[in-house]
Amino acid sequence: MVDMAARFGDLMRNIEIPFPWERATFVAAVAKNRGRPIFLQRVDDPPALSGLGCGTTTSGLWIKTTHSDIVLYNADTEWHADHVISHEIGHMLLRHDGQGASDGTPAYRPPLHALMPELSPDSIQSVLGRSDYDNVREAAAETFADMLMVEATLPRRRPSVVRRTLFRARYR
Ligand SMILES: [Zn+2]
């Protein structure tokens with residue numbers, strides 16, 4: 001298995017993690033890195049999202065449109081929201097675009113109209129949802145989110161090489 005700590009370091013090389021942590025600042029940094037805006041939209045009706053989005057413990061859904069990325073999420077706490085959003089951003093940075101699962105299952109097209117009536121179906125390029133999952137990608141996105149949350153709360157500002165060493169030790 002790929003060393004996820006090394007992969008994380010590569011993915012985050014040009015994306016600054018704000019300290020103190022601030023979700024909007026981080027998401028803006030990811031958007032700048034990708035050259036596409038990212039819109040976060042909280043879903044206040046959890047049943048509307050369950051069954052569409054990621055996993056059973058997280059409630060997030062990444063929609064890639066022609067010119068932007070949209071993350072729908074539901075969470076009980078701000079920390080949980082950070083984690084769910086980080087998980088979806090992990091899918092983005094790890095390039096888990098919903099182009100169909102590795103076993104050839106076609107790309108996922110969930111019924112999004114009820115959640116996002118203003119979103120034109122023609123503008124949707126991909127939606128990463130349940131039928132696209134495989135355990136490897138889910139685990140990678142979840143590990144990414146875990147690492148990001150740890151990194152976001154580590155004491156600063158030590159030289160990055162020290163932080164990276166700490167990191168590797170923790171996730172080896
Ligand atoms: Zn996921």
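**Close-up views of a predicted model**

View 1. The face of helix 5 turned away from its buried side carries Asn135 and Ala139, both exposed. Buried in this helix are Ala140, Ala141, Phe144, Ala145, Met147 and Leu148. Helix 5 covers residues 135–153, which makes 19 residues. At 1.5 Å a residue, the helix should span 27 Å. Its end C-alpha atoms are 27 Å apart, which agrees. This is a predicted model.

**View 2. The whole protein chain gives the setting.** The chain holds six helices and four strands. Along the sequence, their pattern is α-α-β-α-β-β-α-β-α-α. Of its 172 residues, 26% count as buried. Take the contacts with a separation of 6 or more: 65% of them join residues 24 or more positions apart. The mean pLDDT of the chain is 81, and 75% of the residues reach 70 or more. Among the elements, helix 2 has the highest mean pLDDT, 97. Helix 6 (residues 160–171) has the lowest, 55.

**View 3. Strand 3 is paired with two other strands.** Strand 1 and strand 3 run parallel and are joined by five bridges. Leu40 has Val71 of strand 3 as its bridge partner. Strand 2 and strand 3 run antiparallel, also with five bridges. Here Lys64 stands opposite Asp69 of strand 3. Strands 2 and 3 form a hairpin, with three residues between them. Is strand 3 enclosed or open? Five of its five residues are buried, so the strand is largely enclosed by the rest of the structure. Asp69, Val71 and Tyr73 point one way, while Ile70 and Leu72 point the other way.

**View 4. Nonpolar residues gather in cores.** In soluble globular proteins, nonpolar side chains tend to be buried together. The largest nonpolar core here has 19 residues. Those touching the most other members are Leu61, Trp62, Ile63, Val71, Leu72, Tyr73 and Ile85. Helix 2 (23–34), strand 2 (60–65), strand 3 (69–73), helix 4 (78–93) and strand 4 (124–128) each give two or more residues to this core. Apart from it lies another core, of eight residues, including Phe8, Ala140, Phe144 and Met147. Which residues does Leu72 touch, beyond those up to four places away in sequence? They are Gln41, Val43, Leu49, Gly53, Gly60, Leu61 and Leu115.

**View 5. Helix 4 packs against several elements.** This helix has 16 residues and reaches 22 Å from its first C-alpha to its last. That is close to the 22 Å expected at 1.5 Å a residue. Its buried residues include Asp82, His83, His87, Glu88 and His91. Ile85, Ile89 and Met92 are also among them. The buried residues of helix 4 pack against helix 2, strand 1 (38–42), strand 2, strand 3, strand 4 and helix 5. Just after helix 4 comes Arg95, with a positive phi of about 60°.

**View 6. Ile17 sits in a loop.** The loop lies between helix 1 (4–11) and helix 2. Ile17 is partly exposed, with 17 other C-beta atoms within 10 Å. Leaving aside neighbours within four places in sequence, Ile17 is in contact with Met12, Phe26, Glu151 and Ala152. Ile17 and Glu151 are 134 residues apart in sequence. In space, they are 7.9 Å apart, C-alpha to C-alpha.

Note on methods:
Residues numbered from 1 in each chain as written. Predicted model: local features only at pLDDT ≥ 70, side-chain atom pairs only at ≥ 80, totals over all residues. Expected span 1.5 Å × (residues − 1). Buried ≥ 20, exposed ≤ 12 C-beta atoms within 10 Å, placed from the backbone. Core = buried A, V, L, I, M, F, W, Y, C linked by C-beta atoms within 7 Å. Contact = placed C-beta atoms within 7 Å. pLDDT = per-residue confidence, 0-100. Pairing = 2+ DSSP bridges.
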